Every structure is written in C-alpha cells, then in structure tokens.
Amino acid sequence: MQKQLKEFGLGATAACGACLFTNPLEVAKTRMQLQGELKARGTYSVHYKNVFHAFYTIGRYDGLRSLQSGLVPALVYQAVMNGCRLGSYQVFTNLKLTANDDGELVFWRCLIAGGISGATGAFLGSPAYMVKTQLQSQATDTIAVGFQHRHTGFLHAISGIYQQFGINGLWRGVSGALARVMVGSAVQLSTFSTTKERILRTNFFPARSWLIPASASMISSIAVVTFMTPFDVVKNLSTRPN
C-alpha cells in the first residue's frame, strides 16, 4: 500500500512541476481553440494568429500575469488526474498486467491499462479542468471570445458553479474529458512503455541513461498530440457555455 501511494505521489508531483512551466502555453492554446467558437470562418475577429502572437496579445491587453491564468485549478487538475493516471498505470505494471508470461510488454495490454487509468483520473479531475478552462479563457472585452465567466479564483468558481447548477454542474463536460484523457493516456503510456523497451534493446544508449526515457517521451508526445487535439477542442467548448 505504501509503495502504491508513493507512485501516486510521484506522478502528482511530476505533473505539477511541469504545469508551472507549461500553463502559459495552455492559456494560449485554450484561447486559440475557442477563437471563433461555433461561428463560421470569416465571421469572427482573429485575435490570436499563432502562439507567439497570442502571448503578445494576452500580455498587452490582459497583463503578463494573465499568462498564468487558471494556474491553481491547473495544478489541482494535474495532481488529481495525473496522480491517479500514472499511479494507476504503475499498479497495472507492478501486477504484471501489461506484460505476457515472459515479462515482455504487450502493446494492447498497455493500451487498455492506459485507457482505464486515464478515464479514472479524468473523471476525478474534471471539475478542476472545467474551472481551469473558464479562467484561462477570461479576457478583457477587447479580445474576449464568447461568453465570459467572471470568476475571481478557483474556490469562488467552484462555489458559484455548485450554487447555480448543483453537484452535476461541477462535472459538466465530463464525457468529453473521459474520451479526451482515455485516448491520450492510452496512446501516451502504451507508446512510451513499448518505445522505451525497444530503445533499450538497441543498446544505442547506456542502460541507465536518461536519454532513453527522454527519447521515448518525445516520441510518445507526438502520438498524444495527434490523437488528443480533436478531443481537446470539444472538451474546451463543452466546459464554456453558461
């Protein structure tokens, strides 16, 4: 039990550490994805031409601090979702449910384990993800997109949503979250595990080199972005309406 809690803790800590540096990219990504929501092309203003222009525009109109909008719910989401996701996947691995009788990883088993782990984490972290999206999309009227929630912080948002919509309101868009993270987690963890094993077998890097997991991570990240982005757009839209 202690070892399992350690895995959950390590997963949450690693995810939160990464979140501190990637949250500005999340803010830019969220606003670019919501730009022109539910409107035909050419009928809306394009405030963000690319990620660099998004950084400039957000900093100019909303202030540099806005590049870290939604940081608190983002950290909560990463701690809950990835703590459960990575911790659960490690439990599957420790129980040897991702390998065959010879101890070799089986891709389809890793895929299923990753999907189940991702769905569990996504369900538990869905309220934090919803608030994160709403806070990250808040902007001044000059560059505002669609309906604007006026949350002043994470707890204020959670309290307001609960009072207005009840407990079900906190899980708005959970179906999109489940599909999004289930697909992303299944692809990421399965490709990372199998790719890491294959790189290790080539003996291209020393057995304990950090370049092995780093290389596997880069390869798996490409697969994750490819499969996850469509679900990401749908999830952001489903958490936005009033």
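Contact, in this briefing, means heavy atoms within 4.5 Å. Helices (H or I, at least four residues) and strands (E, at least two) are DSSP runs, numbered from the N terminus. With those two terms in hand, welcome to the structure: this is a predicted model, where local features need pLDDT of at least 70, side-chain atom pairs count only at pLDDT 80 or more, and totals for chains, interfaces and linings use all residues. Residues are numbered from 1 along each chain as its sequence is written, and side-chain values use heavy atoms, with hydrogens and water left out.

- Two packed helices are described by the angle between their axes and the distance between the axes.
- Axes here are lines fitted to C-alpha atoms, for helices over the stretch in contact, and angles run from 0 to 180 degrees between N-to-C directions.
- The axes of helix 3 and helix 6 cross at roughly 50° and come within 12 Å.
- Helix 3 and helix 6 are therefore oblique to each other (angles under 35 degrees count as roughly parallel, over 145 as roughly antiparallel, 65 to 115 as roughly perpendicular and the rest as oblique).
- Their crossing is right-handed, a term for a near helix turned clockwise from the far one by less than a right angle, with anticlockwise giving left-handed.
- On the helix 3 side, Tyr77, Met81, Arg85, Leu86 and Tyr89 take part, and they meet Arg180, Val181, Ser185, Gln188, Leu189, Ser190 and Ser193 of helix 6.
- By class, the residues of this contact of helix 3 with helix 6 are 6 nonpolar, 4 polar and 2 charged (Ala, Val, Leu, Ile, Met, Phe, Trp, Tyr, Cys and Pro count as nonpolar, Asp, Glu, Lys and Arg as charged, and the others, Gly among them, as polar).

**Helix 4 and its partners**

- Helix 4 covers residues 107-137, and its axis comes within 8 Å of the axis of helix 3, at a crossing angle of roughly 175°.
- Helix 3 and helix 4 are therefore roughly antiparallel to each other.
- The contact of helix 3 with helix 4 holds 18 nonpolar, 6 polar and 2 charged residues.
- With helix 6, the axis of helix 4 comes within 6 Å, and the two cross at roughly 140°.
- That pair, helix 4 and helix 6, is therefore oblique.
- Helix 4 also passes helix 6 in a right-handed crossing.
- In the contact of helix 4 with helix 6 there are 15 nonpolar residues, 9 polar and 1 charged.

**Two residues within the helices**

- Val80 sits in helix 3, which spans residues 71-94.
- Val80 counts as partly exposed, at 28% relative accessibility (buried means under 20% relative accessible area, exposed over 50%, partly exposed in between, with a 1.4 Å probe and protein chains only).
- Apart from neighbours within four places in sequence, Val80 is in contact with Leu124 and Gly125.
- Val80 and Gly121 are 41 residues apart in sequence, yet their C-alpha atoms are 6.5 Å apart in space.
- Lys196 belongs to helix 6, residues 174-202, and is partly exposed with a relative accessible area of 36%.
- From C-alpha to C-alpha, Lys196 and Ala207 are separated by 11 Å, and they lie 11 residues apart along the chain.

**The largest nonpolar core**

- A nonpolar core is a set of buried Ala, Val, Leu, Ile, Met, Phe, Trp, Tyr and Cys residues joined through side-chain atoms within 4.5 Å.
- The largest one has 8 residues, namely Val27, Ala28, Tyr48, Ala54, Ile58, Leu67, Ala139 and Ile143.
- Helix 1 (2-34) and helix 2 (51-62) are the elements that give two or more residues to this core.
- Val27 touches Ile58, Ser66, Leu67, Ser69 and Gln136, not counting residues up to four places away in sequence.

**Residues in the loops**

- Lys96 is found in the loop between helix 3 and helix 4, and its phi is near 65°, a positive value in a residue other than glycine.
- At 64% relative accessibility, Lys96 counts as exposed.
- Asn203 lies in the loop between helix 6 and helix 7 (211-238), and has a positive phi of about 60° although it is not a glycine.
- With a relative accessible area of 63%, Asn203 is exposed.
- Trp210 is placed in the loop between helix 6 and helix 7, and counts as exposed at 63% relative accessibility.
- Trp210 and Asn82 are 128 residues apart in sequence and 21 Å apart in space, C-alpha to C-alpha.
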